[in-house]
Amino acid sequence: MVADERARHRAGVERVRARREAALRDRMGWLSLVGLHWLEPGEQRFGADTANAIVLQAAEGSVPRVAGSLRVSGDQVTVHPADAGLTVDGKPVRDGVVLLDEASKEGPTILELGSLRAYLIRRGAGRLALRVKDIAAPALREFAGLDYFPIDPAWRVAGRLSPAEPDATIAVPDIVGDVLTEATPGMVAFELRGAVHRLHALEAQPGHLWLVFGDATNGSETYGGGRFLVTGPVQPDDSVEVDFNLAYNPPCVFSPHATCPLPPDGNRLDVRVEAGERMWTVPGLEH
């Protein structure tokens with residue numbers, strides 16, 4: 001029975017890892033992220049010309065010297081094309097069309113320019129940025145899988161959620177210097193290496209917890225900024241399975257242009273968590 005349970009556990013972890021790697025191989029996944037351009041009020045031109053406010057380069061094909069411009073007025077951004085190669089859904093961009101950001105119900109308006117795909121994101125106190133992906137990016141083309149610690153059921157531990165008060169929040173810093181106020185369902189306690197540890201939890205999919213944590217492997221075997229983990233479902237008695245074999249890297253491992261959250265205050269463990277994803281380096285990029 002024990003052997004059967006170990007086999008089921010291994011198979012479950014391997015399924016999660018396979019889905020993870022499939023998502024990274026997606027043309028619009030994190031490996032295609034090649035640019036992040038913060039926007040200012042007024043007009044900003046974009047294209048290959050280095051005199052532009054937003055300079056664009058593509059792994060394949062050429063980019064027009066000036067492909068167009070973005071005009072920021074308050075919290076609204078409009079696009080003004082200067083080249084017929086600039087499209088949305090394969091159709092020429094209409095002058096003055098308002099760009100929707102990634103948080104809109106309809107999803108972001110994605111500007112297409114050769115192999116480049118660009119759309120708006122909002123961060124911090126309403127800061128706007130143009131996120132640029134390249135569906136022909138070398139990192140995407142050369143991706144050969146992730147590196148992991150060996151799967152070990154000893155890193156699957158029983159935890160218990162101490163629920164927070166309704167509407168409780170915690171401060172979560174990110175890699176670009178913002179500090180966000182995020183809802184927290186509480187703290188989850190668990191035992192590792194004979195000691196009890198506690199981590200502030202964030203909300204994941206309904207009924208699950210999202211842990212942004214650091215540990216003593218960070219900066220050597222794993223990413224210096226910590227890792228992420230989604231727990232099992234929280235049970236009616238507040239028990240929850242925390243499987244560190246499922247710990248995964250933040251997007252900042254795959255691109256220097258991501259805007260990753262960092263562990264909140266108190267979420268850095270003083271033990272080595274030798275489970276989950278190890279460090280991965282984009283070819284030519286040092287972390």
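Trainee: Which residue in β4 is the bridge partner of G42?

Mentor: V72 is that partner in β4. This is a predicted model, in which local features need pLDDT of at least 70 and side-chain atom pairs count only at pLDDT 80 or more, while totals for chains, interfaces and linings use all residues. Residues are numbered from 1 along each chain as its sequence is written, and side-chain values use heavy atoms, with hydrogens and water left out.

Trainee: What makes β2 and strand β4 a pair?

Mentor: Two strands pair if DSSP finds at least two bridges between them. Strand β2 (residues 42-47) and strand β4 (residues 68-73) share 5 bridges in the antiparallel sense, so they meet that rule. A strand here is a DSSP run of E with at least two residues, a helix a run of H or I with at least four, and both are numbered from the N terminus.

Trainee: How do you know that β2 and β3 pair too?

Mentor: They have 2 bridges, in the parallel sense, and the rule asks for at least two. F46 stands opposite I54 in β3.

Trainee: Which strands form the open sheet, and in what order?

Mentor: The order is β3-β2-β4-β5-β8, with mixed pairing. β3 (54-55) and β8 (97-98) each have a single partner strand, so one side of each is left without a neighbour in the sheet. Inside this order, β4 and strand β5 (residues 76-81) are joined antiparallel by 6 bridges, and R71 has T78 as its bridge partner in β5. Their hairpin has 2 residues between the strands, and G74 takes a positive phi near 65 degrees.

Trainee: Why does D101 count as buried?

Mentor: Its relative accessibility is 11%, and the cut-off is under 20%, so D101 counts as buried. D101 lies in the loop between β8 and β9.

Trainee: What makes the approach of D101 to A103 a polar contact?

Mentor: A polar atom of the D101 side chain lies 2.7 Å from the backbone nitrogen of A103. A polar contact is a pair of N or O atoms within 3.5 Å; within protein, one must be able to donate a hydrogen and the other to accept it, and residues adjacent in sequence count only if both atoms are side-chain atoms. The distance of 2.7 Å falls within that limit.

Trainee: Why are F143 and W280 called edge-to-face?

Mentor: Rings of Phe, Tyr and Trp (its six-membered ring) pair if their centres lie within 6.5 Å; planes under 30 degrees apart are stacked, over 60 edge-to-face and the rest tilted. F143 and W280 are 5.8 Å apart, centre to centre, with 70 degrees between the planes, so they are edge-to-face. F143 lies in the loop between α2 (138-142) and β12 (156-163) and W280 in the segment after β19 (239-243), so the pair ties together parts 137 residues apart in sequence. F143 and W280 are both buried.

Trainee: How do you know that the charged end of R127 sits over the ring of W38?

Mentor: The rule wants NZ of Lys or CZ of Arg within 6 Å of the ring centre and within 35 degrees of the ring normal. The charged end of R127 is 4.0 Å from the centre of the W38 ring. K133 sits over the ring of W30 in this way, 5.1 Å from its centre.

Trainee: What does L39 touch?

Mentor: Contact means heavy atoms within 4.5 Å. Not counting residues up to four places away in sequence, L39 touches residues including I54, L70, V72 and L120.

Notes. Buried < 20%, exposed > 50% of the residue type's maximum accessible area, 1.4 Å probe, protein only.
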